[in-house]
Amino acid sequence: MQFAPNAELVNKMDNDLVPEDLRKEYTKDEILEIEKKYLAPAVGHYYKDPVLFVRGEGATLEDASGKHYIDLFAGICTTITGYNHPKYVSTIQWQAERLVYTSSLYATIPYAVLVKRLAEIAPSGLSRSFIVNSGSEAIEAAIFMARKYKSNPYVVACQRAYHGRTTLARELSSAGWRTVPEGHPSGVRFTPYGYCYRCHFGKEFPDCDFECARYLREVIRTQTNNAIAAFIAEPIQGVAGIIQPPSEYFRIVYEIVKEYGGLYISDEVQTGFGRTGSKWWGIQHAGVDPDIITLAKGFGSGIPIGGFITRPEIAADYAVTDAFATFGGNPLSCAAAVAVIDIIQESKYLERAAKLGALLKKRLESLQEDHKLVGEVRGQGLMLGVELVRDRTTKEPAVQEMLQVMELCKSRGLLIGKGGLDGNVIRFQPPLELTAEQIDEACTILDEVFTEVEKGL
Ligand SMILES: Cc1ncc(COP(=O)(O)O)c(C=O)c1O
């Protein structure tokens, strides 16, 4: 049987085939009205007057009125290849014409190619992947596997971390997102993260002897059966406000995790795929070899996909019934993710993130010299944060000022992210397609905006 006629039809990319109410030109007010009526009210948007984006290119977004914005947040640290990358779009179109979906009950080319490509770029020894649909699902799967492998329920997570919104992922998170009184019934324990600007122990780096890292031993000895299945941490906490501990934190923690027989899980949902510059994975900067890494966000650069990659002996324990997900490993998402890896390699994003990240950080540090609102500039590659404070001595979080900064940036055509327990940290996690000119323009806007907001301090 020939499939050609159908394929030919689709190849024409006949816009008339696209549902009419998708093609209609809406005003922002019309769309917000529909949302108000039919969307769960919990789905909130940034900004008092939300933006309606209709298209994008590189690191620029265009709203329904035709206004352009430099995007320094990539959705939420997701569109790593920018908007509309020709290779990305062509791959999705090409795959959609052939096979959007069949389950992993059957073999497909994109799933197989993707896991092979992942093994080629993963930290040494990690070669077995399982693909799901989101970061939360990846975390659930990784923890389930670690507990099963170690026959131990205990998992230690870091304070302020965010690992997702499914039940277990929420229990592992402490980024201030708890909305119902949840217990910790499932063996999750917490240890401090290395947040030097607001040290948990009131100490100063580097004279602190890394008490935050060493405290893990205390947590394990007093709150577990002297053994853990796993320790999970982000190499740089994203939602918490771009918090990056010194490398030594991870090396000390790693030693303790191994001493108590645990697996080291590096949650690379935000730090993966070159975002931190020079290396594929954030944890590689600390010189620690994780046992499992979890992936999502930039992995699909916008197409929903998540997963984990681990050592063969750990994956071997995972049963067929543990590893089923209806949409996990679907051809369309996997093909898009293969294109993302290709683009990162061909466009030398690892080098680009390092170079542009250094440039942006330098510019932000010079803004810190001129603006007392800027308490700290931190992060690595194109994962940078600026913590805003009302007073540099007391470090009182500049919560309202942060909201003003966001609104003023938006009105000048600049999109930034918000993070931190108090919501006072600017997050810079742009598409890696960003240009030096855009950094220049963005920093000029930030300079004006900080000046304006400081008038009220
Ligand atoms: C570090 C980290 N892990 C996991 C998740 C959960 O990912 P998702 O929103 O795709 O479920 C997030 C989401 O922000 C994250 O930042």
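**The ligand and its surroundings**

The ligand is surrounded by 15 residues, and the closest are Ser-134, Gly-135, Ser-136, Gly-164 and Val-269. Please bear in mind that this is a predicted model. Which helix gives the most to the shell around the ligand? That is helix H7, residues 135-150, with three residues. Taken by class, the shell around the ligand consists of five nonpolar, eight polar and two charged residues.

**The two domains**

Let me turn to the overall division of the chain. Domain 1 comprises 17-81 + 350-454, and domain 2 comprises 90-346. Between the C-alpha centres of domain 1 and domain 2 the distance is 25 Å. In the contact, 28 residues come from domain 1 and 29 residues from domain 2.

Which elements supply the side of domain 1 that touches domain 2? At least two residues each are supplied by helix H4 (74-77), helix H13 (349-370), strand E11 (374-380), strand E12 (383-391) and strand E16 (425-428). By class, that side of domain 1 has 11 nonpolar, 12 polar and five charged residues.

**Helix packing**

Two packed helices are described by the angle between their axes and the distance between the axes.

The crossing in which H5 passes H12 is right-handed. On the H5 side, the contact is made by Lys-87, Tyr-88, Thr-91, Ile-92, Gln-95 and Ala-96. From H12 come Pro-331, Leu-332, Ala-335, Ala-336, Ala-339, Val-340, Asp-342 and Ile-343. This contact of H5 with H12 has 10 nonpolar, two polar and two charged residues.

H12 also packs with helix H6, residues 109-121: their axes come within 8 Å and cross at roughly 35°. Here, for H6 and H12, the crossing is left-handed. H6 contributes Pro-110, Tyr-111, Val-113, Leu-114, Arg-117 and Ile-121, and these meet Pro-331, Cys-334, Ala-335, Ala-337, Val-338 and Ile-341 of H12. How many residues of each class take part in the contact of H6 with H12? There are 11 nonpolar residues, no polar ones and one charged residue.

In the remaining pair on my list, helix H9 (residues 211-223) packs with helix H10 (residues 247-259) at an angle of about 15°, with the axes 8 Å apart. Angles under 35 degrees count as roughly parallel, and so H9 is roughly parallel to H10. H9 passes H10 in a right-handed crossing. In H9, the residues concerned are Cys-212, Ala-213, Arg-214, Leu-216 and Arg-217, which meet Tyr-249, Ile-252, Val-253 and Ile-256 in H10. The contact of H9 with H10 holds seven nonpolar, no polar and two charged residues.

**Two points in the backbone**

I close with some backbone geometry. Most residues other than glycine have a negative phi, and most peptide bonds are trans. Against that background, is the peptide bond from Phe-205 to Pro-206 cis or trans? This bond is cis, with omega near 10°. Pro-206 is found in the loop between strand E6 (188-191) and H9.

The other point concerns Cys-77, a residue other than glycine whose phi is positive, near 55°. Cys-77 has its place in helix H4, and H4 is one of the elements on the side of domain 1 that touches domain 2.

Terms used
Residues numbered from 1 in each chain as written. Predicted model: local features only at pLDDT ≥ 70, side-chain atom pairs only at ≥ 80, totals over all residues. Near = placed C-beta within 6 Å. Helix = DSSP H or I, 4+ residues; strand = E, 2+ residues; numbered from the N terminus. Nonpolar A, V, L, I, M, F, W, Y, C, P; charged D, E, K, R; others polar. Domains from an automatic or database assignment. Contact = placed C-beta atoms within 7 Å. Left-handed = near helix turned anticlockwise from the far one by under 90°. Axes fitted to C-alpha atoms, helices over the stretch in contact; angles between N-to-C directions. Parallel < 35°, antiparallel > 145°, perpendicular 65-115°, else oblique.
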